[in-house]
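Here's a quick tour for anyone meeting this protein for the first time. Have a look at the picture, then read on.

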Amino acid sequence: MKRFYQLLILMVISSIALADGNVMPTKVPEKVKSECASCHMVYPPAFLPKESWIMIMSGLEKHYGTDASLDAQSIKEISQWLKQNAGTYKRVSSAPPNNRITESTWFIKKHRRISDSTWKHLKVKSQSNCMACHTSADKGNYDDDDVRVPK
């Protein structure tokens with residue numbers, strides 16, 4: 001029974017975090033910041049399932065067209081954090097095509113009203129540039145109230 005209540009509390013806390021748009025774990029390891037964020041923002045691990053992170057981390061030599069190779073210890077540390085914080089809720093229950101957040105069903109549905117011209121805007125450039133519209137994405141805040149689409 002104790003386990004049931006622990007699980008219930010965890011589910012409530014998780015749903016509150018997701019409801020307010022904050023999906024980034026409170027503690028992002030320095031290794032993640034120094035390695036991943038040297039090229040792009042740190043994407044919330046909850047945006048992809050564990051299987052996607054495993055595949056991404058096992059192919060860093062061809063990381064979306066770039067050689068992002070790391071030493072074995074860095075791969076181990078970053079992979080552990082990604083897997084521990086990977087998405088486990090319904091919308092990320094399976095790996096999206098090419099393990100890309102932007103190709104996941106939930107991403108496409110959430111952004112279906114965004115025009116091609118917005119995606120091509122000089123301040124946006126790409127669907128993977130969350131910070132262009134989600135001004136607090138680097139802190140894990142994707143709340144709709146904080147979206148500012150460049151004009």
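## The largest pocket

Let's start with the open space: the largest pocket holds about 740 Å³. To find pockets, a 1 Å grid is laid over the protein atoms alone; a cavity is a set of points where a 1.4 Å probe fits but cannot get out, while a pocket is an open set with protein on both sides within 12 Å along at least five of seven lines. Lining residues have an atom within 4 Å of a point. Grid points are joined across faces, edges and corners, and the volume is the space filled by probe spheres set on the points.

The largest pocket is lined by 33 residues, and His 40, Tyr 43, Ile 56, His 63 and Tyr 64 are the closest to its centre. Helices α2 (30-35), α3 and α4 each give at least two residues to that lining.

## What kind of model this is

This is a predicted model: local features need pLDDT of at least 70, side-chain atom pairs count only at pLDDT 80 or more, and totals for chains, interfaces and linings use all residues. Residues are numbered from 1 along each chain as its sequence is written, and side-chain values use heavy atoms, with hydrogens and water left out.

## The overall build

Of the protein's 151 residues, 34% count as buried. Buried means under 20% relative accessible area, exposed means over 50%, and partly exposed is in between (1.4 Å probe, protein chains only). The protein exposes about 10200 Å², with carbon and sulfur atoms supplying 56% of that; the areas come from the Shrake-Rupley method with a 1.4 Å probe, and for residues only the protein chains shown count as cover.

Contact means heavy atoms within 4.5 Å. Take the contacts with a separation of 6 or more: 60% of them are between residues 24 or more positions apart.

## The nonpolar core

A nonpolar core is a set of buried Ala, Val, Leu, Ile, Met, Phe, Trp, Tyr and Cys residues joined through side-chain atoms within 4.5 Å. The largest one here has 31 residues, and Val 32, Phe 47, Trp 81, Ile 101 and Tyr 142 have the most contacts inside it. Helices α3 (50-57), α4 (72-84) and α5 (105-110) each put at least two residues into this core. Setting aside neighbours within four places in sequence, Trp 81 is in contact with Met 24, Pro 25, Lys 27, Val 28, Pro 29, Val 32, Val 42 and Pro 45.

Leu 82 sits in helix α4 and is buried, at 6% relative accessibility. Beyond four places in sequence, Leu 82 touches Pro 45, Trp 53 and Met 57. Leu 82 and Ile 54 are 28 residues apart in sequence, yet their C-alpha atoms are 8.4 Å apart.

Phe 107 belongs to helix α5 and is buried as well, with a relative accessible area of 5%. Not counting residues up to four places away, Phe 107 touches Ile 101, Thr 102, Trp 119 and Gln 127. In the segment after α6 (116-120) you'll find His 134, which is buried at 13% relative accessibility. His 134 touches His 111, Asn 141, Tyr 142 and Val 147, again leaving out residues up to four places away.

For Cys 39, the nearest cysteine sulfur is that of Cys 36, 8.8 Å away; Cys 39 is exposed, at 66% relative accessibility. For Cys 130, the nearest is that of Cys 133, 9.1 Å away, and Cys 130 is buried, with a relative accessible area of 11%.

Most residues other than glycine have a negative phi. Asn 99, in the loop between α4 and α5, has a positive phi of about 55° and is buried, with a relative accessible area of 13%. Lys 125, in the segment after α6, has a positive phi of about 70°. Is Lys 125 buried or exposed? Lys 125 counts as exposed, at 64% relative accessibility.

Definitions and conventions:
A disulfide is a pair of cysteine sulfur atoms within 2.5 Å. Helices (H or I, at least four residues) and strands (E, at least two) are DSSP runs, numbered from the N terminus.
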